[in-house]
Every structure is written in structure tokens, then in C-alpha cells.
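Thank you for making time this morning.

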Amino acid sequence: MHDYQDHQEERMKKRIAVLASGRGSNFQAIINAVQEGKIPATCCAFISDNPNAYAIERARKAKIPVIIIDYSLFPSRELYEHALLSAMLEVRADLFVLAGYMRIIGPAIVRSFPGKMMNIHPALLPAFTGLHAQRQAVQHGVKVSGCTVHFVDESLDGGPIIVQHCVRLQDGDDEDSLAERILEHEHECFPEAIKLFCEDKLEIVGRTVRIR
Ligand code: GRF
């Protein structure tokens, strides 16, 4: 009986694939939440464009299959994206999670997985899109920044917003100190959004994500 129930539960779990280019601390937070049973999902693959990403070690430790598509080995962006798309189709994931994946995802890939790809951005979108969001926030002199988990569409960091956490700026904050405090929130925010997705609680209505 237990075996049957376990099997059913396993079958209900979503398959999530994570893409990252570097250190992978967000990836680790996701691995932990999955291992602790907080997210009803299986990490079916880890994909990286960077063969030196520390995130690869994290995947290996967690026994998650690793796929490396080394960007530097491709003669053009188009060919790289073609290889990436093939790999993404092959892993049959219900959700793709961009956890510090440092390249823009091209339109062919975005269109292949509508409503099935999430990104985390270290600012309160729509403010400070693109690179160095924490630096942009400090330079602008805002009093509050934070992080945003959003669905990926063809715009730059502009897809429907799922979860946001606020972080207050303190006197003397620089890019690094702010990034550090925002990161702590990223590690809560991302698993939270993925959990909602895996529980089928997210509904995209135009620009808005409704949480059921
Ligand atoms: C995070 O700040 C994330 O918001 C941004 O890239 C950074 C990745 O950090 N997209 P890590 O690799 O998860 O530690």
C-alpha cells in the first residue's frame, strides 16, 4: 500500500530543470527545499553554459544529471541556442528555472516553453532591469530594493511577476553589501515561487500572476 502511495506521489511531482552560469547559491536553496520536501518536485536536470560554474559541483553532490553546453565552443549564438533548446526539450521538464543564468534566452526558446520558465532578478522589477541591478539601485539612491521572481517572456526581465521581497537600503550600503542582503531574500523567494508553481497555484492572467 505504502509503495503504491509513494509511487503515486512520485508521479504527481513536477519535473524541474535548473539553468545557472556561476556560483549557484540560488540553485542550492532550491536543491535544499526539494530535498527537505518543501517543494513537490524532482530536479530532473541541471544545465550550464559554463563548464567552470561552481553550480555543477552542487548538482553532482545532489545527484542531479548535469548537462554542459559550453557557450565558448559554438561558432554563433544561434547554434548555441539550438543546442540548448534540444537539451531543454530532451529533459521533459514541467518548469525551467533560471537561477543566475547569465545569458539572454532567445525568442525561439521562450516561445517553446510559455509559462514554464522562471527567472530571479535582484531588484524590484520593473526597476533596474539587466545587469548590475544592485549597483543601479545604490547609484539611483533608492530607499528600498529587493528581488523579483517572474515568468520569462520575450522582454528583458519584463515577464509576469510571481513573488517579490523588499530589502531596505541602509546608510553606507554599497553594491556588495546590498547584494548580500538581497541574496538572503532570493534564497527564500525562489523556492517559494517554485513551490507555488509545483502545487499548480499560479495562473497567468495577462500581465498578472494570480495565486490561487
Ligand atoms: C543572483 O543575484 C540572481 O538574482 C542573479 O544572479 C545571481 C546569481 O547568484 N540573476 P547565485 O549564482 O545563485 O549565487
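This is a predicted model: local features need pLDDT of at least 70, side-chain atom pairs count only at pLDDT 80 or more; totals for chains, interfaces and linings use all residues.

Residues are numbered from 1 along each chain as its sequence is written, and side-chain values use heavy atoms, with hydrogens and water left out.

Let me begin with the cores. By a nonpolar core I mean a set of buried Ala, Val, Leu, Ile, Met, Phe, Trp, Tyr and Cys residues joined through side-chain atoms within 4.5 Å, where buried means under 20% relative accessible area, exposed means over 50%, and partly exposed lies in between, with a 1.4 Å probe and protein chains only. The largest such core has 44 residues, and those with the most contacts inside it are I16, F46, M118, I162, F190 and I194. Helix α7, residues 175-198, gives the most to this core, with nine residues; helices here are DSSP runs of H or I with at least four residues, strands are runs of E with at least two, and both are numbered from the N terminus. A second, separate core of 22 residues includes L19, I47, V91 and M117.

If we take contact to mean heavy atoms within 4.5 Å, and leave aside neighbours within four places in sequence, the partners of I16 include I30, V34, L95, I194 and C198.

Next comes helix α2, residues 25-35, which is mostly covered, since eight of its 11 residues are buried. The buried residues of α2 are S25, N26, F27, A29, I30, I31, A33 and V34, and what covers them includes β1 (14-19), β2 (41-48), α3 (55-61), β4 (95-98), β5 (117-121) and α7. Just after α2, G37 takes a positive phi of about 80°.

What about helix α7 and its neighbour α6? Residues Q134, R135, A137 and V138 in α6 meet E175, L178, A179 and I182 in α7. By class, that contact has five nonpolar, one polar and two charged residues, with Ala, Val, Leu, Ile, Met, Phe, Trp, Tyr, Cys and Pro counted as nonpolar, Asp, Glu, Lys and Arg as charged, and the others, Gly among them, as polar.

Finally, the loops. Most residues other than glycine have a negative phi, and most peptide bonds are trans. In the loop between β5 and α6 we find P126, and a cis peptide bond joins L125 and P126, with omega about 15°. F128 is placed in the loop between β5 and α6, and its phi is near 55°, a positive value in a residue other than glycine; F128 is buried, with a relative accessible area of 15%.

D200, in the loop between α7 and β8 (202-205), has a positive phi near 60° and is partly exposed, with a relative accessible area of 46%. Leaving aside neighbours within four places in sequence, D200 is in contact with K14 and R212.
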